[in-house]
Amino acid sequence: MNALRAQYPEEVERILAKYPAERKRSAVMPLLYLAQRAEGYIRAQDLRDIAEICEISITDVASIVGFYTLYYDQPLGRYHIQVCTDLPCALRGAEDFLRQLSEKLGIGVGETTPDGLFHLEEVKCIGACHRAPVFQVQGDGEIVFHENQTVETALAVIEALREQARAAKGEQA
Amino acid sequence: MSQHILLRHRDIPHLDRLEVYQQHGGFEAFRKAVTSLQPTEVIQVVKDSGLRGRGGAGFPTGLKWSFCPNTIWPHYVVANADESEPGTFKDREIMESNPFQFLEGLMIAAFAIQANTAYIYLRGEYWHIGKLLDQKIAELEAAGLLGEGLFGTNYSLRLYTHMGAGAYICGEETALLESLEGKLGQPRLRPPFPAVAGLYARPTVINNVETLANVPPIIQNGAAWYRDFGTDKSPGVKIFSLSGHVNRPGNYELPLGTTFRELIYNYGGGIPEGRNIKAIMSAGASSTLIMADERALDTPMDYESLVGLGASLGSASVIVLDETVNMAWLAQKTTHFFKHESCGKCTPCREGTYWMTHILDRIVAGKAAEADVELLQAVAGQMQGKCLCALGEFSILPVLSSIQKFRSDYLEKVATPSLEVQS
Ligand SMILES: Cc1cc2nc3c(=O)[nH]c(=O)nc-3n(C[C@H](O)[C@H](O)[C@H](O)COP(=O)(O)O)c2cc1C
Ligand code: SF4
Ligand code: FES
């Protein structure tokens, strides 16, 4: 049984309907996002499921995961805090912003907070250069922009996410 | 400009709502095209308008549409919403705030080449825009503006969004097509060109979001009206994304041919804290540095005049650099970008960007000698003309132009060795 199809029957059909029936391979990227939604990364089982749906090899799917930066093949943290330090942002203080945020969070770039919630990343331009400093949060199947930030507002965003995760956990228990 | 043509949401509140967009003439151009014009007539109007691609290359849009052979079917249109050039954030504003004008332009393009399916390829980071466009497309289907047998004709059209996943190279049109086909986003060898063998090896037109947003007003008001804006050879308006050292960064829709001085000082409010301007990049990171002297500041921003400065308009992403910027640092920054984004398909780009970052890291860290600047120049020179796609060629522009025009910035770095080297 295809676990991805079983978990998201309607979404899988909706995705496949976008492309010609004989071009199922085109669905690989949206299916990867779908598979990543729950756990935040792509598991070996997902590769198999997607390969089956798209009628391509597992290696083909794995190579796509490796090529694109927004797919992860291991759990790095529930929320990826992606701070832009590309040229236009760097001209407006983004490197300092990242350094301070990193200190306040107590983790370096590429590291995860001990609670497993936040992974701090430095990224290239995200199309918000006029509102630097900026970062995006990738997690829970979404990517959300946060613009015109200060270290204080960024920490508030992170605290709100922590609260949200705690509440969700409480609901589950 | 008092009245916008593309950023009309700045003049009309709630233009992102279908009923408001329609109250202001929305979808009249599409209706007119489908019900009373031949596809060739639509293409002719766009040709006559002189509209050129706003995604970077500046290729005449109507001409591009006329290349699709009528012997191979189906045809496809793909909107390039990958917008990943550092310093570019214009397509985003169009899609967020005036989405129907972009969608209508895409729909007219589809009718012009008789495509029944069009895709919108968005960079993954524009997740919220993908969701928004999906909603807008559903509204258009509900309103009978998309779907089967439009306006009682036998023309049918469906639109679909497709999210990228973080790869600048997917903005290059053939890499984009590979990615849309579910493959690695690596450029194809050309020919064949997409107009003949594009998506699924079918005739395909690929246009930038801003290019497409120009189309409805052109169809509605005519080519002559559009030519009233801009210059003879570069007609129309352009959105300039202004960033870096300016007081008011942002998007500015202005006629092509507006000078750098007007953009930076009148619209952008000048340089913060009264500092002096040093250089300008006109095409995001993919720029030859322009030394910001009086002549450059008075240069009209259009396709031809920028070539006169040895630069190019590209996507018109104007990054302003003031006197505090060391251009070796800048080259290090852009080179790291290109190294990160190199798709690895061809050796000169993959290896060249790697070596350039290596040398630049040493130079900026104060651990290099003057000979390393020559080495850097040599590496860049060896890449020139040998890369499979423009990314590799773009990567050397800031490097070579910074060495050529701001050599003293490099000498400053190599002449002040860090403590590590001294000890
Ligand atoms: C490395 C590279 C990145 C590109 N990125 C984009 C992009 O993000 N958006 C875009 O519209 N065009 C981009 N282009 C240009 C496209 O290849 C293509 O020329 C354009 O989408 C055509 O549309 P237009 O004629 O409407 O400009 C890029 C080109 C290269 C070489
Ligand atoms: S020039 Fe660079 S990005 Fe372009 S095909 Fe070669 S390796 Fe890939
Ligand atoms: S450089 Fe940071 S968003 Fe563009």
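User: Which pattern does chain A follow when read along the sequence?

Analyst: In this predicted model, chain A holds 8 helices and 4 strands, and its C-alpha trace spans about 50 × 40 × 25 Å along the principal axes. Taken in sequence order, those elements of chain A give the pattern α-α-α-α-α-β-α-α-β-β-β-α.

User: How much area do chain A and chain B bury between them?

Analyst: On the contact side, 40 residues of chain A meet 57 residues of chain B. Of the area that the two chains bury between them, 60% lies on carbon and sulfur atoms, and the total is about 3800 Å².

User: Which three residues supply more than any other three of the area that chain A buries against chain B?

Analyst: The share in question is 17% of the area that chain A buries against chain B. The residues that supply this share are F67(A), L87(A) and L91(A).

User: Which residue of chain A forms a salt bridge with K333(B)?

Analyst: Between chain A and chain B the count is 3 salt bridges, and the polar contacts there, with both residues at pLDDT 80 or more, come to 23 residue pairs. In the salt bridge of K333(B), the closest N and O atoms are 2.6 Å apart, and the partner is E95(A).

User: Which element gives the most to the side of chain A that touches chain B?

Analyst: Each of α3 (28–39), α5 (58–67), α6 (87–90) and β4 (142–146) of chain A supplies at least two residues of that side. By class, the side of chain A that touches chain B has 22 nonpolar, 8 polar and 10 charged residues. The element that gives the most, with 4 residues, is α3(A).

User: Which residues are the closest to ligand 1?

Analyst: The surroundings of ligand 1 comprise 19 residues. The closest of these are G55(B), N80(B), N207(B), N208(B) and T211(B).

User: What percentage of the area that ligand 1 exposes when taken alone does the protein bury?

Analyst: Backbone N or O atoms approach oxygen atoms of ligand 1 from several residues, including R54(B) at 3.3 Å, E83(B) at 3.2 Å and I206(B) at 3.5 Å. Taken alone, ligand 1 exposes 610 Å², and the part of that area buried by the protein is 91%.

How values were computed: Residues numbered from 1 in each chain as written. Chains lettered and ligands numbered in written order. Predicted model: local features only at pLDDT ≥ 70, side-chain atom pairs only at ≥ 80, totals over all residues. Heavy atoms only, no water. Contact = heavy atoms within 4.5 Å. Buried area = accessible area lost by both parts, 1.4 Å probe. Salt bridge = Lys/Arg side-chain N within 4 Å of Asp/Glu carboxyl O. Polar contact = N/O pair within 3.5 Å; in protein donor to acceptor, adjacent residues only side chain to side chain. Nonpolar A, V, L, I, M, F, W, Y, C, P; charged D, E, K, R; others polar. Near = heavy atom within 4 Å. Areas by Shrake-Rupley, 256 points an atom, 1.4 Å probe, with all protein chains shown as cover.
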